[in-house]
Amino acid sequence: MCWHTHDPCCFASHLTTCAQHSRIFHFHRDLGACRWQKHVTMVVRGGIRIAQFLAEGEPVLVHCSDGWDRTSQLSALAQLILDPYYRTIDGFSALIEKDW
């Protein structure tokens, strides 16, 4: 499975652009303009898709070539979906220590 955003710009560059052009009075408008909701949605969809493949017994390789944390985010989300242990305080703590 290959998962990536279809947006040529990465989340970090959007936030950087927003921060550079943002003033306190325009913060909410600029935050909305950087499309962070789309990126969060894409990561959640990717985590769900990975979990579905694994639940069906399919092997999955998660590799994000842009060097950001998306690989860890996708892997952690799939683990949260599939394993109830990671939805506990101790499990979530272990997941954060392991993947970040």
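Residues are numbered from 1 along each chain as its sequence is written, and side-chain values use heavy atoms, with hydrogens and water left out. Because the model is predicted, local features need pLDDT of at least 70 and side-chain atom pairs count only at pLDDT 80 or more, whereas totals for chains, interfaces and linings use all residues.

The secondary structure of the protein consists of 5 helices and 0 strands, where helices (H or I, at least four residues) and strands (E, at least two) are DSSP runs numbered from the N terminus. The order of elements from the N terminus is accordingly written α-α-α-α-α. Of the contacts (heavy atoms within 4.5 Å) between residues at least 6 apart in sequence, 57% join residues at least 24 apart. The accessible surface, computed by the Shrake-Rupley method with a 1.4 Å probe and, for residues, with only the protein chains shown as cover, comes to about 7000 Å². Carbon and sulfur atoms account for 61% of this surface. Of the 100 residues of the protein, 26% are buried; the term buried denotes under 20% relative accessible area, exposed over 50%, and partly exposed the range in between (1.4 Å probe, protein chains only).

The largest nonpolar core is made up of 6 residues, namely Val43, Ile50, Ala51, Cys64, Leu74 and Ala78. Helices H3 and H4 each contribute at least two residues to this core, and H3 gives the most, with 3 residues. A nonpolar core is here a set of buried Ala, Val, Leu, Ile, Met, Phe, Trp, Tyr and Cys residues joined through side-chain atoms within 4.5 Å.

Helices H3 (36-55) and H4 (70-82) each supply at least two residues of the patch, and the largest share, 5 residues, comes from H3. Leu82 lies in H4 and is classed as partly exposed because its relative accessible area is 39%.

Cys34 counts as buried because its relative accessibility is 2%. Cys64, a member of the largest nonpolar core, is likewise buried, at 10% relative accessibility. A search of the whole structure finds 0 disulfides, a disulfide being a pair of cysteine sulfur atoms within 2.5 Å.
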